[in-house]
Amino acid sequence: MEGKGKVNGVAAMAACYQGFDPAAYLQYNYTPPRADFERKDSIVPWKLACLHRAFTEGDVRGELLVDIGSGPTLYQVLSGCEVFNKVLLTDFLEVNRQELRGWLEDEGGCNLDWTPYLQHVCELEGRRPSAWTEKAAKLRQVITDIVPVDVHRPQPLALDALPSEGADCLVSCFCLESVSPDLAAFTRALGHIGRLLRTGGHLLLIGALGESYYFGGPGVRIPVVPLNEAQVCASLKESGYTLIRLEVYTLPQDMRVGVDDVSGVFFVKAIKE
Ligand SMILES: Nc1ncnc2c1ncn2[C@@H]1O[C@@H](CSCCNC[C@@H]2Cc3ccc([N+](=O)[O-])cc3CN2)[C@@H](O)[C@H]1O
């Protein structure tokens, strides 16, 4: 029964994603108030600070960074692009891969202006905000490809997508809990992506706490497995990671804008044993 339930749950989830609307999703989550660089308690600056610290504190190094479930967003790799000379972006939907290619090709074909994000991360790096053009060029230089991914497959990427030794670092933001029908599927997915990571490589994981649904577009209600910190830590341990740091952001009331029922956001830095 569990096997049958597993297939139906994952297939049903994939069906939900057919209505995903990148432009709406970006509007819901990556514009003010959730992305307000003037507000100390806005969510996006908190996420960017976690990622900046994690990538620059000296233990994360190597050749290849893979972003699992990039969606239509780039913020996940704005710090990592200064540390790795190869960045692989991945997503399940062609509409999201197309959104990312639109930015990469720099012909105005994308639905969000990433300039304020680039400027903010430059400031975190002690650079002038006007260095954002150099950061954009750096990012366009290190992104090697934008490929399909399915975290429910034991091999989430095509076999030729990675070198045999695997990735040196994985980053994944708001993906696993949003594509898993239940906690067991979330934990299995963590294990699947772990197989893409070399032993001793780092996992940087951002996700939602207490989220049971979100809107991936007007009227596109997508179920999410609600997680708490203890479940995240237990799933990491069960999937072969050692936790280095867990940080939690609790949403202020005015960050609850009706596009989901998220109560908090977690940031995890872990290492694959
Ligand atoms: N089987 C699969 N394998 C890999 N990726 C898959 C699969 N299926 C769908 N995908 C891919 O995964 C998806 C990633 S976007 C998931 C959105 N997560 C929830 C949303 C995000 C969000 C953002 C910001 C804040 N905040 O507080 O600031 C809160 C929240 C909470 N709501 C999407 O790209 C899909 O294309």
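For residue classes, Ala, Val, Leu, Ile, Met, Phe, Trp, Tyr, Cys and Pro count as nonpolar, Asp, Glu, Lys and Arg as charged, and the others, Gly among them, as polar. This is a predicted model, where local features need pLDDT of at least 70 and side-chain atom pairs pLDDT 80 or more, while totals for chains, interfaces and linings use all residues. Residues are numbered from 1 along each chain as its sequence is written, and side-chain values use heavy atoms, leaving out hydrogens and water.

You get 25 residues, of which D91, D150, F174, S178 and E211 come nearest. By class, this shell holds 14 nonpolar, five polar and six charged residues.

Now show polar contacts (N or O atom pairs within 3.5 Å). Ligand nitrogen atoms are the thing to look for: one is 2.8 Å from a side-chain N or O atom of E211, and one is 2.9 Å from a side-chain N or O atom of D150. At F174, pick the backbone instead, where an N or O atom is 2.9 Å from a ligand nitrogen. Switch to a surface: the protein covers 99% of the 750 Å² of accessible area the ligand has on its own (Shrake-Rupley, 1.4 Å probe).

Next, colour helix 2 (22–29), helix 3 (43–56) and helix 7 (176–179), the elements that each give two or more residues to the shell (helices are DSSP runs of H or I, at least four residues).

How values were computed
Near = heavy atom within 4 Å. Polar contact = N/O pair within 3.5 Å; in protein donor to acceptor, adjacent residues only side chain to side chain.
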